[in-house]
Amino acid sequence: MDQADNGAARKRTPTPLPLKPRVNFGKLDVSSLKRYQRVHKLVGVPQTASKDQLVAAVTRHFAAQTVNDELKVIAAFVTAVQRRQALAAQNALARK
């Protein structure tokens, strides 16, 4: 066996994700941030929180999330997008 074969036989390790999320939640409007807060049941954020407080809370929560099976998550996302596209196409045909 030569070196090229040895390389192919080794188990590939996934590329690590960046440690800090590179999402600017400050670009979202307050209603979207409040929706994120409600859906993910963020605690410690008052009802009268400013946009800056909401951005900080959402950013902390988002950064703390882990992905156990990246391929499974991507597959589920693609499936959801395909379903939405199919429904939109059906609705467009039904309107004609």
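Author: The answers below take up the fold, the aromatic rings, the core, individual residues and the surface in turn. The model is predicted, so local features require a pLDDT of at least 70 and side-chain atom pairs count only at pLDDT 80 or more, while totals for chains, interfaces and linings use all residues. Residues are numbered from 1 along each chain as its sequence is written, and side-chain values use heavy atoms, with hydrogens and water left out.

Reader: What makes the pattern of the protein α-α-α-α?

Author: Helices are DSSP runs of H or I with at least four residues, strands are runs of E with at least two, and both are numbered from the N terminus. The protein has four helices and zero strands, and reading along the sequence gives α-α-α-α.

Reader: How do you know that F25 and Y36 form an aromatic pair, and why is the pair called tilted?

Author: Rings of Phe, Tyr and Trp (its six-membered ring) pair if their centres lie within 6.5 Å; planes under 30 degrees apart count as stacked, over 60 as edge-to-face and the rest as tilted. By this rule the count comes to two aromatic pairs. In the pair of F25 and Y36, the centres are 6.3 Å apart and the planes make an angle of 55°, which gives the label tilted. The pair links distant parts of the chain, eleven residues apart: F25 is in the loop between α1 (3–9) and α2 (30–39), and Y36 is in helix α2.

Reader: Why is the pair of F25 and F62 called edge-to-face?

Author: Here the centres are 5.2 Å apart and the angle between the planes is 70°, and the pair is accordingly edge-to-face. This pair also links distant parts of the chain, with F25 in the loop between α1 and α2 and F62 in helix α3 (residues 51–64), 37 residues apart.

Reader: Why is F25 called buried, and why is F62 called partly exposed?

Author: Buried means under 20% relative accessible area, exposed over 50%, and partly exposed in between (1.4 Å probe, protein chains only). F25 has 7% relative accessibility and therefore counts as buried. F62 has a relative accessible area of 34%, so F62 is partly exposed. Across the 96 residues of the protein, 12% count as buried.

Reader: What makes the largest nonpolar core a core, and which residues belong to it?

Author: A nonpolar core is a set of buried Ala, Val, Leu, Ile, Met, Phe, Trp, Tyr and Cys residues joined through side-chain atoms within 4.5 Å. The largest one has ten residues: F25, L33, Y36, L42, V45, A49, L54, V55, A57 and V58. Helices α2 and α3 each supply at least two residues of this core, and the largest share, four residues, comes from α3. In soluble globular proteins, nonpolar side chains tend to be buried together.

Reader: Which residues does L54 touch, and why does Q37 count as buried?

Author: Contact means heavy atoms within 4.5 Å. Not counting residues up to four places away in sequence, L54 touches V30, L33, K34, Q37, V45 and A49. Q37 lies in helix α2 and counts as buried because its relative accessibility is 13%. Leaving aside neighbours within four places in sequence, Q37 is in contact with L42, V45, P46 and L54.

Reader: Why is V30 called partly exposed?

Author: V30, in helix α2, has a relative accessible area of 32%, so V30 is partly exposed. With residues up to four places away in sequence not counted, V30 touches K51 and L54.

Reader: What is the phi of K41, and why does K41 count as exposed?

Author: K41, in the loop between α2 and α3, has a positive phi of about 50° although it is not a glycine. Most residues other than glycine have a negative phi. K41 counts as exposed because its relative accessibility is 67%.

Reader: Which residues make the nonpolar surface patch, and why does L71 count as exposed?

Author: L71, I74, F77, V78 and V81 make a nonpolar surface patch of about 480 Å². Patches are made of residues with over 30% relative accessible area and no salt bridge, where like charges are joined within 9 Å and nonpolar side chains (Val, Leu, Ile, Met, Phe, Trp, Tyr) within 5 Å; a salt bridge is a side-chain nitrogen of Lys or Arg within 4 Å of a carboxyl oxygen of Asp or Glu. Areas come from the Shrake-Rupley method with a 1.4 Å probe, and for residues only the protein chains shown count as cover. L71 lies in helix α4 (residues 70–95) and, at 67% relative accessibility, counts as exposed.
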